[in-house]
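Grab a pencil and keep the picture open while you work. Try each task yourself, then read the solution step by step.

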Amino acid sequence: MQTQLETFETNLGSVRTAVTRTSPAAFQDALADVVDEPAIGAPLPFADVSLEGTGVVLEPTPDQLREAACGVTAAALGVADYGTVVLESTPAGAELAGLFPDRHVVVVRERDLVDDMAAAFERLGERFRDGDDDAVLATGPSATADMGELVYGVHGPRETHAIIVEDDAE
Amino acid sequence: MSSERSRKAERIRQIMATEGDSVERNARGFNEGRYESVARLEDYDAYKDRARAIKEDAIERLPELIERVRETVEENGGTVYVADDAADANRYVRELARERDAETVVKSKSMTTEEIDLNEALAAEGCDVWETDLGEFVLQVADEAPSHLVAPAIHQSREEIAALFNEYFDPDTELETAEELTAFAREYLGERIEDADIGVTGANFVTADTGTMALVTSEGNARKTVAVPDTHVAVAGVEKIVPTFEDLQPFVELIARSGTGQDITSYVSLFSPPVSTPPVDFDDDGPIADDPADREFHLVLLDNGRMDMREDDQLRETLYCIRCGACSNSCANFQSVGGHVFGGETYSGGIATGWEAGVHGQESADEFNDLCTGCSRCVNQCPVKIDIPWINTVVRDRRNRGAEDGRLDFLVEGLSPDEEPAGMDLQKRFFGNFSTLAKLGSATAPVSNWVAETLPSRLAMERVLGVDRRRDLPEFERETFVEWFRNRDVPRPVDADYHAVVYPDLYTNYIRTDRGKATVRTLEALGVAVEVPEVASSGRAPLSQGMIATAEDHAREVSADLEPYLEAGYDVVAVEPSDLAMFRGEYERLLDERRYQAITERSYEVFEYVYGLLENGVDPAPLRSADNGNGVGSDLAYHSHCQQRTLELEAYTTDVLERLGYDVRTSDVECCGMAGSFGYKREYYELSVDVGDRLQEQFEAPDAADRTVVASGTSCLEQLDGLLARQPRHPVSLVDPDGSE
Ligand code: SF4
């Protein structure tokens with residue numbers, strides 16, 4: 001019997017998303033390993049990990065958005081059954097940073113994992129009613145079969161990488 | 001009429017030649033993916049029930065929900081406009097474009113904007129409109145209509161797209177691979193998105209309680225279309241509204257699985273606009289985040305006939321459709337021709353009949369409605385459980401009724417004791433009244449068979465009735481199945497535990513009497529007291545021609561004929577699956593509840609019945625087993641009938657055959673392509689054979705080529721007989737203790 005975290009990792013793998021597991025303390029090192037330069041991002045809404053002090057540009061201009069090779073943003077939830085991450089839009093432009101660059105690195109906390117879509121919709125329902133009302137359920141890279149074969153990286157990222165921040169062992 | 005049939009046949013032939021291969025590869029790929037993906041979803045059936053219930057409730061309460069959406073969207077800071085029709089919707093969006101001096105408009109895929117021809121309206125306003133979904137982009141460049149609800153350019157191969165792009169854009173280096181084509185489109189459309197003044201999307205769902213749009217996509221273009229320009233217009237049919245945010249969940253679980261066979265698409269965007277992402281002005285060099293988020297959002301809710309559909313007891317179900325495309329992908333005819341033949345102005349596949357009749361008017365369904373043969377394979381695949389064949393039947397019936405008075409009516413008059421209006425298509429009338437013809441043909445056999453097969457007869461039948469002369473006609477037996485039974489000198493069992501009527505369907509009674517006789521012997525060998533009374537034909541033939549009133553008459557007669565037996569405790573055993581499907585399915589609509597229940601609860605397919613007997617402890621020893629198969633090898637290739645599979649009855653036949661020592665390999669094509677009268681019709685003959693080719697291919701593959709071919713449906717047997725060198729057999733002939741076929 002797999003744990004929720006293991007299920008999530010397995011399913012991320014099957015939707016072509018690479019996985020790095022890290023502790024809060026080792027987060028920035030883990031990040032450095034998977035980020036391509038130039039990288040842009042949006043502030044992570046988490047207390048114990050941050051993009052401050054990394055090479056990630058947090059308030060990109062349109063040019064930087066266009067030129068970035070990599071975008072780093074947070075996920076509000078992870079859905080274990082599907083390998084799905086829930087990306088929220090923010091006034092700082094998290095939606096853009098996770099969409100334009102070729103590579104999207106998404107940071108998801110272990111404590112934000114849910115088992116399935118039913119649980120995800122329960123959480124999202126609360127958030128939407130509280131006014132956090134933009135979210136993309138993102139599963140794997142952008143893809144199309146419209147050109148006669150399956151191709152990754154259409155209007156959105158070609159590669160996706162999840163950094164899972166483990167809960168602090170207490 | 002005759003030249004009309006030739007024109008239709010020619011058009012089908014041409015589309016099969018140019019688009020058939022791509023359509024078949026893609027649609028069958030989606031279809032296989034769907035079978036696999038829904039099998040992985042625990043609670044698949046429960047989700048379908050929930051999805052159905054949500055839609056029923058939403059359409060029931062639609063006026064109230066529209067007002068609720070208006071309130072919630074306006075509370076969020078957007079605007080709602082309810083457009084009466086296409087012109088009204090287009091006018092509204094044009095005015096928005098004019099007020100904003102919009103030069104560039106980018107769009108994500110939306111069938112609803114196709115329905116109203118929004119692109120043309122915006123172009124007339126002087127806007128440069130770009131489709132950013134790659135499939136739609138291909139169509140825009142090729143100036144073609146979508147051929148599929150979900151994958152609009154399903155009919156184009158990579159090579160064709162490459163040729164199209166190289167010709168149209170004349171790039172520095174020729175494009176060839178799918179990667180190159182995608183990269184080119186991404187860059188080209190990326191620039192259009194950067195310049196865009198307005199982004200237009202559809203919506204897969206709109207929630208009334210939170211004013212949330214749900215967009216199901218894979219490429220990321222819809223996200224960019226929403227995020228980059230400061231003005232977003234969503235155009236959605238009013239039927240897209242669901243009551244609550246949580247109602248989205250079953251649809252998110254079902255829509256991609258049902259459509260393209262993915263568990264979920266790359267992106268499901270849920271947003272209650274205006275979104276909090278800052279719009280991007282690519283001419284600006286300051287940080288994007290500094291840009292004031294003064295966004296505008298307009299939701300155009302389109303009526304365009306939908307509120308009338310809601311009032312229409314027969315078409316209402318169409319509004320539950322989430323346009324996943326499963327009915328197209330699982331349709332044998334669609335797999336051969338795609339949406340350019342099996343589709344109307346905008347919509348395609350089986351459900352297109354409902355949509356086109358509802359939004360563009362009855363006539364726009366005329367051309368393609370007959371392509372639904374009623375095989376019913378789509379019914380179990382539809383995530384909202386729409387009875388798609390029934391919608392097709394109803395629209396066909398309305399067409400028949402609307403038909404002009406015809407001149408040639410007297411020709412079939414004597415053969416047409418039906419309830420249908422004068423003037424309806426002669427071909428339909430001919431096939432719809434097959435029971436009368438069969439009676440006459442049998443009474444005068446074998447002379448009728450000789451006459452029918454003469455060349456002048458075949459030419460006349462082809463010209464007047466559109467019966468293709470390349471098909472063998474059924475041969476009538478002089479002694480009917482019912483007469484054989486009556487004339488037999490066999491003592492009835494006394495004190496039998498089981499009593500059954502073997503239903504003498506048209507084919508079993510007049511044409512393939514052997515399988516009826518085999519059924520009687522089989523059941524009697526298992527100790528069943530059998531009767532074969534005169535019973536009316538089921539009404540399947542008229543129903544498939546859209547002659548509902550006539551079918552209703554048949555159903556009532558069947559019910560009256562069977563009633564004394566049902567009251568005396570008899571079960572009803574059907575040899576022909578399409579008739580059993582009538583008893584279990586359509587009779588619910590054709591009979592009152594009591595009569596329907598009386599028949600449906602007690603009727604069985606022959607192998608379902610045998611299986612039940614064996615499960616109840618009856619000894620199978622008297623049946624013929626593979627060991628004494630009388631020249632039939634023990635290896636079988638079995639094609640179950642389409643409707644039999646929809647009723648989930650295939651397994652009984654394979655199980656019984658396996659118990660008797662047979663090794664059974666089954667086909668997995670959706671339909672044999674014959675589908676009753678369909679394959680006899682001149683305009684559809686070639687399509688029917690193309691569909692049949694898939695079955696032929698499976699049964700001629702090395703692992704099946706030496707097997708005895710077995711099929712349960714009359715149509716399937718006729719089709720296989722025409723396609724294969726081997727003579728196919730009904731499975732009951734194998735187990736018949738006295739089988740000497
Ligand atoms: S009718 Fe059902 S299967 Fe067909 S597109 Fe609509 S929802 Fe999908």
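## Exercise 1: Two helices in chain B

Helix 2 of chain B passes helix 11 of chain B in a left-handed crossing (left-handed: the near helix is turned anticlockwise from the far one by less than a right angle; right-handed: clockwise). Helices here are DSSP runs of H or I with at least four residues, and strands are runs of E with at least two, numbered from the N terminus.

Before you start, know that this is a predicted model: local features need pLDDT of at least 70, side-chain atom pairs count only at pLDDT 80 or more, and totals for chains, interfaces and linings use all residues. Residues are numbered from 1 along each chain as its sequence is written, chains are lettered from A and ligands numbered from 1 in the order in which they are written, and side-chain values use heavy atoms, leaving out hydrogens and water.

**Task.** Find which residues make the contact between helix 2 and helix 11 of chain B.

**Solution.** 
- Step 1: Look at helix 2 of chain B, which brings Tyr44(B), Tyr47(B), Lys48(B), Arg50(B), Ala51(B), Ile54(B) and Lys55(B). Contact means heavy atoms within 4.5 Å.
- Step 2: Sort them by class: seven are nonpolar, one is polar and four are charged. (Ala, Val, Leu, Ile, Met, Phe, Trp, Tyr, Cys and Pro count as nonpolar, Asp, Glu, Lys and Arg as charged, and the others, Gly among them, as polar.)

## Exercise 2: Crossing angles

**Task.** At what angle do helix 27 and helix 28 of chain B cross, and which residues meet there?

**Solution.** 
- Step 1: Two packed helices are described by the angle between their axes and the distance between the axes. Axes are lines fitted to C-alpha atoms, for helices over the stretch in contact, and angles run from 0 to 180 degrees between N-to-C directions.
- Step 2: The axes of helix 27 (residues 548-567) and helix 28 (residues 577-590) of chain B come within 10 Å and cross at roughly 110 degrees.
- Step 3: That makes helix 27 of chain B roughly perpendicular to helix 28 of chain B. (Under 35 degrees counts as roughly parallel, over 145 as roughly antiparallel, 65 to 115 as roughly perpendicular and the rest as oblique.)
- Step 4: Ile548(B), Ala551(B), Glu552(B), His554(B), Ala555(B) and Val558(B) of helix 27 meet Phe583(B), Tyr587(B), Arg589(B) and Leu590(B) of helix 28.
- Step 5: This contact has seven nonpolar, one polar and two charged residues.

**Task.** Now do the angle for helix 33 and helix 34 of chain B.

**Solution.** 
- Step 1: The axes of helix 33 (residues 685-700) and helix 34 of chain B come within 10 Å and cross at roughly 75 degrees.
- Step 2: Helix 33 and helix 34 of chain B are therefore roughly perpendicular to each other.
- Step 3: Among the contact residues are Val689(B) and Phe699(B) of helix 33 and Leu720(B) of helix 34.

## Exercise 3: A sheet in chain A

**Task.** In what order do the strands of the five-stranded open sheet in chain A lie?

**Solution.** 
- Step 1: The order is 1-11-6-3-2, with parallel pairing. Two strands pair if DSSP finds at least two bridges between them.
- Step 2: Find the edges: strand 1 (17-22) and strand 2 of chain A each pair on one side only.
- Step 3: Neighbouring strands are turned by 20 degrees against each other on average, direction ignored.
- Step 4: Strand 6 (residues 103-109) and strand 11 (residues 159-165) of chain A are joined by seven bridges, and Val107(A) stands opposite Ile163(A) in strand 11.
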